[in-house]
Amino acid sequence: MESKLKKLFDFQKFEDNADLRQVIDSVHARYSGNVTKLSLDDLEWVNAAGDPDMGMMNKDAEKKRP
């Protein structure tokens, strides 16, 4: 199974593909200038998945515990 996945996703086979290189370069050009760093205050609002207010709900629930 592992060798089959390697064959399917082996980037080296497509590395010299001109069409693929054009797509990769256009994406890099489009998004490389839009990178912004988040401040520590902004990081408080970053979630990998789910509701950003869940952290606040958990803190409120902890305060209500006897």
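How many salt bridges does the structure hold? Here is a short tour.

1. Before the details, a word on the source: this is a predicted model in which local features need pLDDT of at least 70 and side-chain atom pairs count only at pLDDT 80 or more, while totals for chains, interfaces and linings use all residues. Residues are numbered from 1 along each chain as its sequence is written, and side-chain values use heavy atoms, with hydrogens and water left out.

2. The structure holds one salt bridge (a side-chain nitrogen of Lys or Arg within 4 Å of a carboxyl oxygen of Asp or Glu). Its partners are Asp25 and Arg21, whose closest N and O atoms are 3.4 Å apart. Both residues sit in helix H2 (residues 18–31), four residues apart, about one turn of the helix. Helices are DSSP runs of H or I, at least four residues long, numbered from the N terminus.

3. How accessible are these partners? Asp25 counts as partly exposed because its relative accessibility is 38%, and Arg21 counts as partly exposed at 35%. Buried means under 20% relative accessible area, exposed over 50%, and partly exposed in between (1.4 Å probe, protein chains only).

4. Leu5 is found in helix H1 (residues 2–9), and at 41% relative accessibility Leu5 counts as partly exposed.

5. Finally, please keep an eye on confidence: the protein has a mean pLDDT of 75, with 73% of its residues at 70 or more (pLDDT is the predictor's confidence in each residue, from 0 to 100). Confidence is highest in H2, at 88, and lowest in helix H4 (residues 54–64), at a mean of 57. Where pLDDT is low, the predicted coordinates should not be read in detail.

Notes: Helices (H or I, at least four residues) and strands (E, at least two) are DSSP runs, numbered from the N terminus.
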